[in-house]
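Hi there,

Here is the structure I promised to pass on. Have a look, and my notes follow below.

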Amino acid sequence: IAEVGKPKRTLVFADIPAEIEEAVEAYATDALKKAVFDADKLRRDGNIDAVKKDAKEHFAEIYPDNGADVAESLDHLTKKIVRKMISNEHIRPDGRKLDEIRHITCEVGLLPRVHGSALFTRGQALSITTLAPMSETQTIDDLTPVTEKRYIHQYNFPSYSVGETKGSRGPGRREIGHGALAERALLPVIPSVDEFPYAIRAVSETFESNGSTSMASTCASCMSLMAAGVPIKSMVAGISCGLVTGDTDDDYVVLTDIQGLEDFFGDM
């Protein structure tokens, strides 16, 4: 170690000067409050970007060497505004009440050449169900006692669903986790092999993401299974909830049907 080892590097986050934090807050608070609270996601994002751009240009000459501090202060201020309005005034960015959900639209049988399909819009997800003989069950080759899976649920989250552009590769941990989450929710209602001797695969495609896509895939897959003729024992629906905490343990609010901004700035 003495000959080839390297000294340990410690990552240190530099504190933003209080002067910059206070100046940014005084300049941008009112504009950010107006920008943040808009029911339309794209318009809201555009408004926030415009306010941040204006503030950065304003402080470029005042703090020419602290551009990163100004940008980070704006991010902190946005988070502070959203959390304060939710926890103190119970006002959400799109104007909903704490327990109010977004408008829901459902449709089944969109795709003519698959066994079952369903679209669930509230965090837009299209689920496709495919049936196959029992010989098509998935073989599990790992260290667990499970050797095969008859019912499989998969979740895809392409970059365009959040307005990004990048290569489409294999599923990441997030996609695998969300797929397993919906699979576990639906597994109790899947009929036994004696009742329905088919292998079942449901694939949820996320078209647009603004929170709740994992639960949208649960709802869409439930309808898709029914559209494919799978005699499930009962219907299953899911919804996401979010937590925003305050200064004390008793100061918190639970949000029903969280959207992306609340998920990003919230605590859970």
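**Salt bridges and a helix pair**

Searching the whole structure turns up 10 salt bridges, each being a side-chain nitrogen of Lys or Arg within 4 Å of a carboxyl oxygen of Asp or Glu. Please keep in mind that this is a predicted model, where local features need pLDDT of at least 70, side-chain atom pairs count only at pLDDT 80 or more, and totals for chains, interfaces and linings use all residues. Residues are numbered from 1 along each chain as its sequence is written, and side-chain values use heavy atoms, leaving out hydrogens and water.

One of the bridges joins Lys80 to Glu25, with the closest N and O atoms 3.1 Å apart. Lys80 sits in helix H3 and Glu25 in helix H1 (residues 18–36), so the pair ties together parts 55 residues apart in sequence. Helices here are DSSP runs (H or I, at least four residues), numbered from the N terminus.

Arg96 and Asp94 also meet in a salt bridge, at 2.7 Å from N to O. Arg96 is buried, at 7% relative accessible area, and Asp94 counts as buried at 16%; buried means under 20% relative accessible area (1.4 Å probe, protein chains only). Both belong to a salt-bridge network that links Asp94, Arg96, Arg102, Arg122 and Asp257.

As for the helix pair, the axes of H4 (residues 173–186) and H5 (residues 213–227) come within 9 Å and cross at roughly 45 degrees. These axes are lines fitted to C-alpha atoms over the stretch in contact, with angles running from 0 to 180 degrees between N-to-C directions.

Best wishes

How values were computed
Helix = DSSP H or I, 4+ residues; strand = E, 2+ residues; numbered from the N terminus. Buried < 20%, exposed > 50% of the residue type's maximum accessible area, 1.4 Å probe, protein only.
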